[in-house]
Amino acid sequence: MQAIVIGLLILFAIILVSGIKFVPQAQVYVVERFGIFKASLNAGPHYIIPFFDKVAKKVSIKEQVADFKPQPVITKDNVTMQIDTVVFYQVTLPKLFAYGVERPLAAIENLTATTLRNIIGDLELDSTLTSRDVINTKITAILDEATDRWGIKVNRVELKNILPPREIQDAMERQMKAERERREKILQAEGEKKSQILVAEGEKESKILRAEGDKQQKILQAQGEAESIMLVQRALADSIMMLNDADAAESVIKIKSLEAFAKAADGQATKIIIPSEIQALAGLAASVKESI
């Protein structure tokens, strides 16, 4: 009899202890009583009534990542592509997550596929390949609104891969190759153009410098000739002044004038007009020379 009592006490203690629940961090336990929602237990120790209450679902409230397999979609210009998506979501209301939809992850995957088909169906191939951010934003907004009643918050949706048909990929590769070759030719033409411009500018500057040098040379030459003439004239003027100061005879002055005309006509002048006095003096000088 005593053993039976001890056994019952041990069984009763086990039953009482079984009602103690420790909820881990970042998890929520959904508790039901007789099959009806009773409470959501957050992180920490809790007690439920054995045989009356049970943990119906353990829900993680951490952000989760769902990588869905590629889905076939058709663009506006009738190109079939394979697109796989990655969805980042988080459970915000464990009660709705437990009772809102059967198999929530499958529901999100199907909703993502249908939404993606609707969005891509309004875009052409080129727009699809260049508008990832726009597509991601639209899908995120639609999924977030649709999953509110399931207690799920969709934080972000990313298009992981966009795979056009093989022939489209080959055509795109050829187009990219042609574009690269076109850019290369443009760069080469621009380089040649700049080179020719630099050569032309160099020749222009060289001609300008040569012309400037010739100009300076002629200026210096003219200045030298002018200075030479001025020196000759100054010497002549000085000699005349010296003759005047020495009170030279008129005949001597005339002879000096004759010598000056002779120098002036020394292979340079083609026509010289000589005054009559100097002509007579020259004739006299010649006759004296013959008599001697």
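Helices (H or I, at least four residues) and strands (E, at least two) are DSSP runs, numbered from the N terminus. By this definition the chain has eight helices and nine strands. The model is predicted, so local features need pLDDT of at least 70 and side-chain atom pairs count only at pLDDT 80 or more, while totals for chains, interfaces and linings use all residues. Residues are numbered from 1 along each chain as its sequence is written, and side-chain values use heavy atoms, with hydrogens and water left out.

Of the 292 residues in the chain, 21% are buried, that is, under 20% relative accessible area with a 1.4 Å probe and protein chains only.

Glu-32 lies in strand β2 (residues 27–33). This residue is buried yet forms no salt bridge, a term for a side-chain nitrogen of Lys or Arg within 4 Å of a carboxyl oxygen of Asp or Glu. Beyond its neighbours within four places in sequence, Glu-32 is in contact (heavy atoms within 4.5 Å) with residues including Phe-37, Phe-52 and Ala-56.

| Partner of Glu-32 | Relation and distance |
|---|---|
| Tyr-99 | side-chain polar contact, 2.6 Å |

For charge, Lys and Arg count as positive and Asp and Glu as negative, with His and the chain ends not counted.

How values were computed:
Buried means under 20% relative accessible area, exposed over 50%, partly exposed in between (1.4 Å probe, protein chains only). A polar contact is a pair of N or O atoms within 3.5 Å; within protein, one must be able to donate a hydrogen and the other to accept it, and residues adjacent in sequence count only if both atoms are side-chain atoms.
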